[in-house]
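I would like to follow it in the model as I read.

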Amino acid sequence: MSALIVIPVLDEALTIGSVVTAARAHGPVLVVDDGSSDGSSGAAAAAGAEVLCHPRPLGKAQALLTGVAAARRRGVTHIVTLDGDGQHDPDLIPALLATAESARRAIVVGNRLDGRGVLPALSRRNAIRVASFFAGWTCGRPVADSQSGFRVYPLALFDEVRTRRGGFVFETEILLAAVAHGWTIEEVGVPAWPRAVARSHFRPIRDGVAIGSFLAGRVAARWAGEARAVGGEVLAVFHPTRMATRHAEMLEAASSYTDSPARWSAAIGAVAVRRAGARVGAVCAGVRKRGTPRAALATLAAPLALPLLLGQAVTAERLPDFVTPLVEAIYGRRRPFRPRAGEPVDVGAADPLTEGGG
């Protein structure tokens, strides 16, 4: 496995030199300057990085894709991405690469929520919890930190997966698209250091709304899939093969009571009730396995949680924090979601004739 370390930057001259110096201990470094006006490219080059510059800001997604194109020309198999503002520890690069080497067809994500230290901004941490919950549920795989920019991507991923969104939405979209193409997500706990610069390029209103809108579309599609799955399980009761089996069982159970219409009817009814109960139980078990009850609560709570998150960000967390307990209770990480076998996204993939009941 060979890797190129790609660092997208925009006006991070104060920090990019130290980030490049630390990262170069673990491999060649390419800095993609997304139209900086503060001398970031010069600071990166002075620290020993190769630098590619966009003539104007095109967004983080395009900066990463420029790095992907450069990595292809160099013939490497993976790229490591991290931010240039000092929030990621370059000395964790070997840990992420080790996970990438042992994993098959996987994106490796540096998980800031479960690593040492905590993200300094409560509003940012809470927003990541909510976004990661819905990202994980919609793709059928658990994701703790869907917004982390500290990652390892196999270049082969970009031969299969195409993304359409730019900006900060890219990092969520590519995770969901990768899972849909049979890739997995591996997470490694990493430290969450305070930024060495005062301002983040993530804007809670503009970027938060963009990510929320993207996930809302995916959540709606997942709920449509849930409706199809439950509807398919209910309608499977009327499949000719299942109906024939059910009727044969009813007649066999009632065959000993042909001398008594009342007992014959009772035997028929007992079989019908038992099979109906088994069918309802199977439907409920499938719903629980897919995490649907918890997702229903999370979806219903979103109209309350999202304005609270926005308010927490806008007020710079000056108000008492009653948002975090709500977010942790509803969106905190628990059991992973488990889709039906063989299909990470299609919640209705099971063969209705192979399951008992009904």
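**A walk through the predicted model**

E233 and R290 are both buried, where buried means under 20% relative accessible area, exposed means over 50%, and partly exposed lies in between (1.4 Å probe, protein chains only). These two residues form a salt bridge whose closest N and O atoms are 3.9 Å apart; a salt bridge is a side-chain nitrogen of Lys or Arg within 4 Å of a carboxyl oxygen of Asp or Glu. E233 lies in helix 8 (residues 206–235) and R290 in the loop between helix 10 (261–289) and helix 11 (292–314), so the pair ties together parts that are 57 residues apart in sequence. The two residues also belong to a network of salt bridges that links R222, E226, E233 and R290.

Residues are numbered from 1 along each chain as its sequence is written, and side-chain values use heavy atoms, with hydrogens and water left out.

Seen as a whole, the protein has 12 helices and 7 strands; helices (H or I, at least four residues) and strands (E, at least two) are DSSP runs, numbered from the N terminus. Of its 358 residues, 47% count as buried. Among contacts (heavy atoms within 4.5 Å) between residues at least 6 apart in sequence, 74% join residues at least 24 apart.

An open sheet of 7 strands has the order 3-2-1-4-6-5-7, with mixed pairing, and two strands are said to pair if DSSP finds at least two bridges between them. At the edges are strand 3 (50–53) and strand 7 (184–189), each of which pairs on one side only. Neighbouring strands of this sheet are turned by 25° against each other on average, direction ignored; for such angles, axes are lines fitted to C-alpha atoms, for helices over the stretch in contact, and the angles run from 0 to 180 degrees between N-to-C directions.

Which strands does strand 1 pair with in the parallel sense? Strand 1 and strand 2 pair in this way over 5 bridges, and V6 has L30 in strand 2 as its bridge partner. Strand 1 also runs parallel to strand 4, to which 4 bridges join it, with H78 in strand 4 as the bridge partner of A3. Because 6 of the 7 residues of strand 1 are buried, this strand is largely enclosed by the rest of the structure. Elsewhere in the sheet, strand 5 (residues 106–111) and strand 6 (residues 151–154) pair in the antiparallel sense over 2 bridges, and V109 has R151 in strand 6 as its bridge partner. Helix 7 (residues 169–180) packs on the sheet, where it touches strand 5, strand 6 and strand 7, and its direction makes about 45° with that of strand 6.

Another helix, helix 3, lies across strand 1 (3–9), strand 2 (29–33), strand 3 and strand 4 (78–81), running at about 155° to strand 1. A71 has its place in helix 3 (residues 60–74), and this residue counts as buried because its relative accessibility is 0%. Not counting residues up to four places away in sequence, A71 touches L4, V76, I79 and L155. The C-alpha atoms of A71 and L4 are separated by 6.5 Å, although the two residues are 67 residues apart along the chain.

Is R72 buried, partly exposed or exposed? With a relative accessible area of 38%, R72 is partly exposed. R72 forms a salt bridge with D159, the closest N and O atoms being 3.0 Å apart. Since R72 lies in helix 3 and D159 in helix 6 (residues 157–160), the pair ties together parts that are 87 residues apart in sequence.

A further salt bridge joins the side chains of D145 and R112 (2.8 Å, N to O). D145 lies in the loop between helix 5 (122–139) and strand 6, and R112 in the loop between strand 5 and helix 5, so that the pair links distant parts of the chain, 33 residues apart. Both D145 and R112 are buried, with R112 at 3% relative accessibility. By the rule given above, the count of salt bridges comes to 13.

Technical notes. This is a predicted model: local features need pLDDT of at least 70, side-chain atom pairs count only at pLDDT 80 or more; totals for chains, interfaces and linings use all residues.
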